[in-house]
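These are my notebook entries on one structure. I looked up a set of local features and recorded each in turn.

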Amino acid sequence: VQDALPIWNEYHFYKEDDLIYNVTSQDNSVVYSISPSWVSNSGFYKCSVHSGGKNRKSGELKVKVTGLGPPRFNISRTEVSEGDMVEVSCEVPGETPPFQFTFYKAKSANDKNVQTVTRSAKKENYARTTFEISEGDHIVDFYCTARIQSVPDPETSNPSNKNIVTVAELFTTPNITVWPSRNIIEGSNMTVECTVVTSSKKVRDIQIIIQKDKRILETGKQEKVAFTVMATADYMGNYTCNAESGKMSKTSSLSIIVGELYPRPLLVAADKHINQGSMLSLACYVNDPEQRLPAFFIEKDSTTTFQVQRHGNFSKNATEEDSGSYVCGVTIQKITKRSDPVKIIVYAPVSTPVLTEDIQGSNVLVGQTFNLTCRSEEH
């Protein structure tokens, strides 16, 4: 009797329906070894056997591999200057993508405002990114974590080793100084000075800008810039000093208070409605506790200026041309202030009016019409 032919079995191993290993054997079982195992080997496995024209599949088996190790972190350099760019990379040796890498930049161990950048890697087990070294960075920690996403239960690694980067300051934050004081009286000269100190040979050109609110007052391309002006109420407010070199910019600011030398004057008219030929009388008042000698003047319609007596009084015979808007001005210690306007109207002269009627006698019967005429002759 002829011996029976041996039966060959075809074994197939699958992970998430992807064929990962196959072998033909006469044995009734085969072993597929995964060594060493990685977290990326986690997943759902199954096998199938094809024998004698028949095919059978096993049920799914969930395998979970834990213990994703800290990634390997590298940085391009550890000594930099403000404004420089540093390149960092994060790698998970042995593991299979895809990954999500998170890069961290922290100014200190307790920094709550940690800067993060996330990069995805679908075909590699590493990722790269760049960070800019900003103003205020002195000693900075860089590190990364990796999250493997191709497994049923995604796992995030512990942080990598930290790389410490020391930062050289290009130039100091601007220092603003005000002379004689940040509290000053109108009429005094004041100087706003902005100073920086450069601490690196990389600083070839630096520009300093002094601004009040958004208005540029002074600029310069040296380490010290000053703005000098006689203080008036217009110069009270917030001052900013901005120093720039390349991509780096630093700013500081302060407030200046300008006290009032004296209040605005008050213009008073003896009469705002007058007849031609009558007297136009104006008086300008200013409250100056120091009793300094003011210089008064009167402006009409912002075009005509009249010099005024020492005590602020002004008078003249009125004509129709004197109608208009009047403002009183006062100058004390080179500070000039103007009052609110006062409108003056001068009327043309008229004679004493005469009233007449067009009826005979002085009696009018009921039903009759009579006319009264009022006449005045201009002088």
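**Entry 1: backbone angles.** I began with Gln-333, which I located in the loop between β29 (324–332) and β30 (335–338). The model is a predicted one, and every value below is computed from it. For Gln-333 I noted a phi near 50 degrees, a positive value in a residue other than glycine. With a relative accessible area of 68%, Lys-334 is exposed.

**Entry 2: cis peptide bonds.** I then turned to two prolines. Ser-35 and Pro-36 are joined by a cis peptide bond, with omega about -5 degrees. I placed Pro-36 in the loop between β2 (18–25) and β3 (43–51). The bond from Trp-179 to Pro-180 is also cis, and its omega is near -5 degrees. Pro-180 is in the loop between β15 (175–179) and β16 (183–185).

**Entry 3: salt bridges.** How many salt bridges does the count come to? I recorded 17. Side chains of opposite charge can pair when their charged atoms come close.

I examined Asp-137 in some detail. The side chain of Lys-105 meets that of Asp-137 in a salt bridge, at 2.8 Å from N to O. Lys-105 is in strand β9 and Asp-137 in the loop between β11 (126–132) and β12, so this pair ties together parts that are 32 residues apart in sequence. I found Lys-105 buried, at 5% relative accessibility, and Asp-137 buried too, with a relative accessible area of 1%. Asp-137 also forms a salt bridge with Lys-107, where the closest N and O atoms are 3.6 Å apart. That pair links distant parts of the chain, 30 residues apart, with Lys-107 in the loop between β9 and β10 (115–121). Lys-107 is partly exposed, at 45% relative accessibility.

I also noted a salt bridge between the side chains of Asp-322 and Lys-316, at 2.7 Å from N to O. Asp-322 is buried, with a relative accessible area of 6%, whereas Lys-316 is partly exposed at 27%.

Entry 4: I found Glu-95 in the loop between β8 (85–91) and β9 (99–106).

**Entry 5: the cavity.** I recorded one cavity of 30 Å³ or more; the largest cavity has a volume of about 40 Å³. Val-39 is one of its lining residues, and Lys-64 and Asp-153 are among them as well. Lys-64 and Asp-153 also belong, together with Lys-62, to a network of salt bridges.

**Entry 6: Tyr-143.** My last entry concerns Tyr-143, in strand β12 (residues 139–148). Tyr-143 is buried, because its relative accessible area is 13%, under the 20% limit. The C-alpha atoms of Tyr-143 and Lys-162 are separated by 4.9 Å, although the two are 19 residues apart along the chain. Leaving out residues up to four places away in sequence, Tyr-143 touches Lys-162 and others, including Phe-73, Phe-103 and Pro-159.

Definitions and conventions. Residues numbered from 1 in each chain as written. Predicted model: local features only at pLDDT ≥ 70, side-chain atom pairs only at ≥ 80, totals over all residues. Heavy atoms only, no water. Helix = DSSP H or I, 4+ residues; strand = E, 2+ residues; numbered from the N terminus. 1 Å grid on protein atoms, 1.4 Å probe; cavity = no way out; pocket = protein on both sides within 12 Å on 5 of 7 lines; lining within 4 Å. Points joined across faces, edges and corners; volume = space filled by probe spheres on them. Buried < 20%, exposed > 50% of the residue type's maximum accessible area, 1.4 Å probe, protein only. Contact = heavy atoms within 4.5 Å. Salt bridge = Lys/Arg side-chain N within 4 Å of Asp/Glu carboxyl O.
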